[in-house]
Amino acid sequence: MVRYLAILLSVLAGATSAVRAQVSASAKPYQIVIKGGHVIDPKNGINAVMDIAIAPALDMQPLAWGQALSPDQEGRIAMIAENIDPGLAVQVVDAKGLYVVPGLVDIHSHNFWGHDGERQMNGPRGLPPDGFTFRSGVTTVVDAGGSGWRTFPLFREQTIERSQTRVLAMLNIVGEGMRGSRYEQNITDMDPDSTAKVARTHDDLIVGIKLAHFSGHDWTPTDRALAAGRLADIPIMVDFGSAKPYLPLETLFLEKFRPGDIYTHCFGGNSSTSPDGRESIVDVTTNKVKLYVLEAQKRGVVFDVGFGGASFLFAQGTPAIAGGFYPNSISTDIHVESMNNAMKDMPNIMSLFMAMGMPLEAVIAASTWHPAQEINRSELGNLSVGAVADIALFRLVEGDFGFWARDGKIAGRQRLFTEMTLRGGHIVYNLNGRVDPINAKYISN
Amino acid sequence: MQRTLLMLGLVLLLLPGLTLGQRRNQPSSILIKGGHVIDPKNNINEVMDVAIRDGKIENVAKQIEPAPDSKVIDARGMYVTPGLIDMHGHFFPNAGRGDPAPDVLTLRSGVTTAVDAGSSGWRTFPDFKREIIDESTTRVFAFLNIVGNGFSGNEQDTADMNAKLAADMALKHKDNIVGFKVAHYIRRDWIPIDGAIEAGELAGGLPVMVDFGSARPALSLEELLLEKFRPGDIYTHVFGGNAAVGSPVSPGGREAVVDQEGNVKPFAFKAQQRGVIFDVGFGGASFDINYAMQAMKHGFYPNTMGTDMNYHSFNGAMKNILNVMSTFLTLGMDLSSVIEGATWKPAQVINHEELGHLSKGAVADVALLSIREGDFGFWDREDYKIKGNQKLECQLTIREGRVVYDFNGISIPDPE
């Protein structure tokens, strides 16, 4: 990799015109000013046309591909105001007609790609994040249980440290991680003590405990995940598997879950009156969200979308949204299958929730500030002065669009398209080049 | 996934009324109605219906009535083209660079065939085949790197360039390996290129694709194109290099196909006439809009629209094949030629003439594209930007008769 970069650099050096001059001793205080965009920053209650100025990082060298940003490489938000002089910035982004929001936080992702493992654990089904995050406006992902306490060090080395995307993790309660059913059914590999110990050791990166795919009428896996969550003082996220008869959601939400625990795939389930499989949150006989679900959300249980390949149903989502029950967070459950299926990416499912009637501001909150709080990273998902400048710019396009899921399709008049993404003040995705100059002539500190 | 299947199974058992995810239960017959078909091989460029049955193109005609079992897709206002072929990408994450696996950035761009350009060599190809080729929905071919370890190895290591072993691997995997690749070499000798061409000959006349590296002083591009290359060999990154290289003051690097006055070098025309293929290979630092503009002004067009998709170009100016194609549309190339450069032409170049067209009986790899009007920008490695008002967008991708990507659900029945 280093060798490859060295060769690439030498190739670039050969093409003299491709060498990017670094401006030194610039008098300009800001690296970037984003001009004229409509800022939606739910944490700070901003929903208006504003300018944003970004201060340069301590170390504002061009980013290396395939390498995590160090804190010194992260530029921060310096000012947000109605009118900031573009002459004060090295680069000026023309955001007229665009929405400017905090970089999206996708708390249900699968990124443990690799060679020697299986499924979502060190296998080909995990996605190296950078190719799919930035083009969707996502700057932070949480890998939801790809790794367990035994495999996390490899995940850290192989994915986290090699991604410009901020990658956090929920540790699978299964020591091997998401390696496939014969591992995920193995209760003896669900060790709360070892799991909590690794979570505490890496508390800069591990934000929760994940339970997934367990099939069986048995609370033990849930209890073990909760035990690990208590020991490490972090939330758990549950993909509730299936059982015959199902384990009641009411027990999970009101007796097992602590406030802050996360129920993902919240619009999935059997969506029927069957006693088997997985219960759904909307009662299909009344088309209303079940009362204990409303009560659970009130007491702090988190309802997360986790759209995935087959985990969202209009039969559940449409009545819930129409009745005013919004998911706390919108997340993808992205993997090779779901991204080529109905789910696709964050902007697609955000647009789908808008088409169901959820307002833009609520959709943005559910994709930024809410998930940041859910994972106890309240420094993320907002545009406060001093925050790391993770920012997404979207264009809301009017037209005839369709959104589908495994149980049907709805029409929509609006669709979000990602125009630009900034990670730590660096432009890491830029669809139409709406910035001048296009590439940073970095301020040297 | 196993869980997904389990859940789907449950849903099937419990809820006979629910329709399944479309990828798992698709009809054997699809009728695409009212789209504007562009099929360069067959000289079709007009509104036509396309019928697909059992994974193959059944018929292309003005008016086709739906069969009783057909899923009808309304393609009015869209272009219907052969599934796109990306001549130049990097799709082997485990070569160590974090390149994308094919399915994730191909299907959503209308690409049904992706050619990996040298990520694997003869020693690593079996891994590439097992982990990627055999596991992907996208049809994946490979140019075998002349370096035995491909991108996992040292591309300067001439000791690891073995024409015989490379050719043997290609002969063993004729279905997957379509040629040989040389890339990133910086020394002033012809060892890798001679080796790749020798491998091409030993393997029965397979083409080589050359990323011309950078030597000091530069190796002669004229010598490569007119003396080394056989007709059918591929010069990628055609609008890269440096126009100043080759002049007396230039220290080295790589020549461009245009000179400092913006004229196309006569040998480039001559090479194209004798059958050398010029591939875009946009990549992270290999595309200069001004070179492309100057060349096209003088009538020199690229043959193929290879992206050089890789772990950095996908977030750079390149993004995906539709963005590359839209760049060339904006530069004045006509839509049909742009489509040809991403369908029939690359199919011929890789000697897979069964692909890249919509002839009756051909495998039903199809892309439905639309053109979005708006204010767009396209830019290059020099930060040079042009404005455009059209951008290609992928609406639907069909691979061997199955819908594998559907942006707006146009293949899903309308709600009642």
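In which handedness of crossing does H6(B) pass H7(B)? We'll get to that pair of helices at the end of the tour. Keep in mind along the way that this is a predicted model.

Let's start with chain A. Its domain assignment gives domain 1, made of residues 2–100 plus 395–436, and domain 2, which covers 104–380. Notice that domain 1 is written as two stretches of chain A. Where they touch, 26 residues of domain 1 of chain A and 28 residues of domain 2 of chain A take part.

So what does domain 1 of chain A bring to that contact? Three strands each supply at least two residues to the side that touches domain 2 of chain A: S15 (391–405), S16 (408–423) and S17 (426–430). The largest share comes from S16(A), with 10 residues. Sort the residues on this side of domain 1 of chain A by class and you find 13 nonpolar, 8 polar and 5 charged.

S15(A) and S16(A) form a hairpin, with 2 residues between them. They run antiparallel and are joined by 13 bridges. If you want to spot one of these pairings yourself, find A:Phe394, whose bridge partner in S16(A) is A:Thr418. S15(A) also pairs with strand S5 (residues 99–102) of chain A, again in the antiparallel sense, over 4 bridges. There, A:Pro102 stands opposite A:Ile391 in S15(A). While you're looking at strands, here's a handy rule: in a regular strand the side chains alternate between the two faces of the sheet.

Now hop over to chain B. Here the assignment gives domain 1 as 29–80 plus 362–406, and domain 2 as 82–349. The C-alpha centres of these two domains of chain B are separated by 26 Å. Their contact involves 26 residues of domain 1 of chain B and 28 residues of domain 2 of chain B. On the domain 1 side, the strands of chain B that each supply at least two residues are S1 (29–39), S13 (366–379), S14 (385–399) and S15 (402–406). S14(B) gives the largest share, 9 residues. By class, this side of domain 1 of chain B has 13 nonpolar, 4 polar and 9 charged residues.

On to the helices. Two packed helices are described by the angle between their axes and the distance between the axes. The crossing is left-handed. From H7(A), A:Glu250, A:Phe253 and A:Leu254 meet A:Tyr292, A:Val293, A:Glu295 and A:Ala296 in H8(A). That contact has 5 nonpolar, no polar and 2 charged residues.

Finally, back to our opening pair in chain B. The axes of helix H6 (residues 221–228) and helix H7 (residues 266–273) of chain B come within 9 Å and cross at roughly 20 degrees, so H6(B) and H7(B) are roughly parallel too. And the answer: H6(B) passes H7(B) in a left-handed crossing. Here B:Glu222, B:Leu225 and B:Leu226 in H6(B) meet B:Phe267, B:Ala268, B:Lys270 and B:Ala271 in H7(B). By class, that makes 5 nonpolar, no polar and 2 charged residues.

Terms used:
Residues numbered from 1 in each chain as written. Chains lettered and ligands numbered in written order. Predicted model: local features only at pLDDT ≥ 70, side-chain atom pairs only at ≥ 80, totals over all residues. Domains from an automatic or database assignment. Contact = placed C-beta atoms within 7 Å. Nonpolar A, V, L, I, M, F, W, Y, C, P; charged D, E, K, R; others polar. Pairing = 2+ DSSP bridges. Left-handed = near helix turned anticlockwise from the far one by under 90°. Axes fitted to C-alpha atoms, helices over the stretch in contact; angles between N-to-C directions. Parallel < 35°, antiparallel > 145°, perpendicular 65-115°, else oblique.
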